[in-house]
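Please look through the structure shown below and follow the briefing after it, which moves from charged pairs to aromatic rings and then to the nonpolar cores.

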Amino acid sequence: MRLRKRKPVVRDDQDDPQAARLAALKQLNRRDFGARELAERLVARGFSLPAAEEAVEGLRKERLVDDGRFAEHFVAYHANRGRGPIGIAYKLREAGVSPDQIAAAVDADSADWQNRCAAVRLKRFGTKLPTTWIQRGRQARFLSQRGFSAGQIRAAVGQFPGED
């Protein structure tokens, strides 16, 4: 969720919450944003922090900005792109979503994540399970970088004989 560096914008209406609200609505036309991320974008566009926060709070009261809904959409999008629950939760924390909303949206203990992890492994490496430690390490590293937990990776990569 890093924003690219822009030149500081000097606005005539930088303290106007209505102008900030309009700019926020234009941002929300494209996609959902978390409250903190939207306020940061407004400040980057030249609005003062109090005006941006007031505009976001007004949109929150109208239920146009909702961190819970943002988290659910974010999880669905990134899970479908092969990302794991740990990586997704990290990105949501970066976006300023509360830990309770992250836990509700991600549900990292769900069996669905193991299935997703296995599907990502299958898509990248094929149906054949690893037969050597080197292959297993390569696959485990790949899945770990995608944000899956060790238990999910173990279930997807398989166990070697004699391993507990």
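Arg-116 and Asp-112 are joined by a salt bridge whose closest N and O atoms are 3.2 Å apart, where a salt bridge is a side-chain nitrogen of Lys or Arg within 4 Å of a carboxyl oxygen of Asp or Glu. This is a predicted model, in which local features need pLDDT of at least 70 and side-chain atom pairs count only at pLDDT 80 or more, while totals for chains, interfaces and linings use all residues. Residues are numbered from 1 along each chain as its sequence is written, and side-chain values use heavy atoms, with hydrogens and water left out.

**Salt bridges**

- Arg-116 and Asp-112 both lie in helix α7, four residues apart, which is about one turn of the helix; helices here are DSSP runs (H or I, at least four residues), numbered from the N terminus.
- Arg-116 is partly exposed, with a relative accessible area of 26%, and Asp-112 is also partly exposed, at 37%; the terms used are buried for under 20% relative accessible area, exposed for over 50%, and partly exposed in between (1.4 Å probe, protein chains only).
- Salt bridges that share partners join Glu-57, Arg-60 and Asp-67 into one network.
- Within that topic, Asp-67 forms a salt bridge with Arg-60, the closest N and O atoms being 3.0 Å apart; Asp-67 is buried at 9% relative accessibility, whereas Arg-60 is partly exposed at 34%.
- The side chains of Arg-63 and Asp-66 also meet in a salt bridge, at 3.4 Å from N to O, and here Arg-63 is exposed, with a relative accessible area of 54%, whereas Asp-66 is buried, at 17%.
- The structure holds eight salt bridges.

**A positive phi in a loop**

- Arg-63 is placed in the loop between α3 (49-61) and α4 (67-80), and its phi is near 65°, a positive value in a residue other than glycine.

**Aromatic rings**

- The structure holds two aromatic pairs, where rings of Phe, Tyr and Trp (its six-membered ring) pair if their centres lie within 6.5 Å, and planes under 30 degrees apart count as stacked, over 60 as edge-to-face and the rest as tilted.
- The ring centres of Phe-70 and Phe-74 are 5.7 Å apart and their planes stand at 50°, so this pair is tilted.
- Phe-70 and Phe-74 both lie in helix α4, four residues apart, and both count as buried, Phe-70 at 2% relative accessibility and Phe-74 at 9%.
- The rings of Phe-125 and Phe-142 have their centres 5.6 Å apart and their planes at 90°, so this pair is edge-to-face.
- Phe-125 lies in helix α7 (residues 111-125) and Phe-142 in helix α8 (residues 133-145), so the pair ties together parts that are 17 residues apart in sequence.
- Phe-125 counts as partly exposed at 26% relative accessibility, whereas Phe-142 counts as buried at 15%.
- The charged end of Arg-124 sits over the ring of Phe-125, 5.5 Å from its centre, and Arg-124 also lies over the face of Phe-142, at 5.1 Å from the ring centre; a charge sits over a ring if NZ of Lys or CZ of Arg is within 6 Å of the ring centre and within 35 degrees of the ring normal.

**Nonpolar cores**

- Of the 22 residues in the largest nonpolar core, those that touch the most other members are Val-75, Ile-88, Leu-92, Val-106, Trp-113, Leu-143 and Phe-148; such a core is a set of buried Ala, Val, Leu, Ile, Met, Phe, Trp, Tyr and Cys residues joined through side-chain atoms within 4.5 Å.
- At least two residues of this core come from each of α4, α5 (85-94), α6 (99-106), α7, α8 and α9 (150-157), and α4 gives the most, with five residues.
- Leaving out residues up to four places away in sequence, Leu-92 touches Phe-70, Ala-71, Phe-74, Val-75, Val-97, Ile-102 and Val-106, where contact means heavy atoms within 4.5 Å.

**Helix α9**

- The buried residues of α9 are Gln-152, Ile-153, Ala-156 and Val-157.
- Seen down the axis of α9, these buried residues fall within an arc of 120°, so they line one face of the helix; the arc is that of the directions from the helix axis to the C-beta atoms.
- The cover over the buried residues of α9 includes α5, α7 and α8.
- Just after α9, Gly-158 takes a positive phi of about 95°.
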